[in-house]
Amino acid sequence: MSEPFTIRRLQLQDAPVYRRLRLACLAEYPASFGSSAEEEERVGELPFEQHIRAGNPGTFVLGAFAADELVGMCGFVRATRRKVQHQGDIRQVCVAPGYAGHGLGRRLLQATLEAAFALPGLEQISLGVVADNTAATRLYQSLGFVEYGYQRQFLKLGSDYYDHRLMVLFRSDFIASTVHEHQQ
């Protein structure tokens, strides 16, 4: 994929394209998210649209743009309570179907991790992934995430259940892997 991409933090004016991609991802990959497109279509303003509007540096969405089209996104939410402010979560990782499988998700996640770990005092980032999503699991593992929990039957779509893998990345491990990557 030779198309140039721009990765940047979404701003208020990006809310309509964010919403469009979010709903498309929910419809395309229903087993990968806890929400459904039908549920979120009915919501006036999605939670991340509220975060984008608020401009909180501890909660953000990075978007990958091909020209003016939003084709990928990755959200980050930092814990706000004092005792857990050293933690945050990756949320809503999605690349539009026509752009998947070409390394864009890796670039987007890498940029999100760099921005998140640049926040003062942030020490660890967690995420959850549907257990049978092997491509996503491999991506997360390649960036240093390790599994710390597993929940059976986390999601239910019709009569089908989907297990959930919980993963964490510590700042020290991220820095070590980044240094190792640059030395090669």
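Is the crossing of H1 and H3 left-handed or right-handed?

Author: The crossing of H1 and H3 is right-handed (the near helix is turned clockwise from the far one by less than a right angle). This is a predicted model, in which local features need pLDDT of at least 70 and side-chain atom pairs pLDDT 80 or more, while totals for chains, interfaces and linings use all residues. Numbering starts from 1 along each chain as its sequence is written, and side-chain values use heavy atoms, without hydrogens or water.

Helix H1 spans residues 15–28 and helix H3 residues 47–54 (DSSP runs of H or I, at least four residues; strands are E runs of at least two, all numbered from the N terminus). Their axes come within 10 Å and cross at roughly 155° (lines fitted to C-alpha atoms over the stretch in contact; angles from 0 to 180 degrees between N-to-C directions). H1 is therefore roughly antiparallel to H3 (over 145 degrees).

From H1, Ala15, Tyr18 and Arg19 meet Phe48, Glu49 and Ile52 of H3 (heavy atoms within 4.5 Å). Four of the residues in this contact are nonpolar, none is polar and two are charged (Asp, Glu, Lys and Arg are charged; Ala, Val, Leu, Ile, Met, Phe, Trp, Tyr, Cys and Pro nonpolar; the others, Gly among them, polar).

As for the largest pocket, 34 residues line it, with Val93, Cys94, Asn133, Ala136 and Tyr140 nearest its centre (an open set of points on a 1 Å grid over the protein atoms alone where a 1.4 Å probe fits, with protein on both sides within 12 Å along at least five of seven lines; lining residues have an atom within 4 Å of a point). Strand E4 gives the most to this lining, six residues. By class, the lining of the largest pocket comprises 19 nonpolar, 12 polar and three charged residues.

Technical notes. Parallel < 35°, antiparallel > 145°, perpendicular 65-115°, else oblique.
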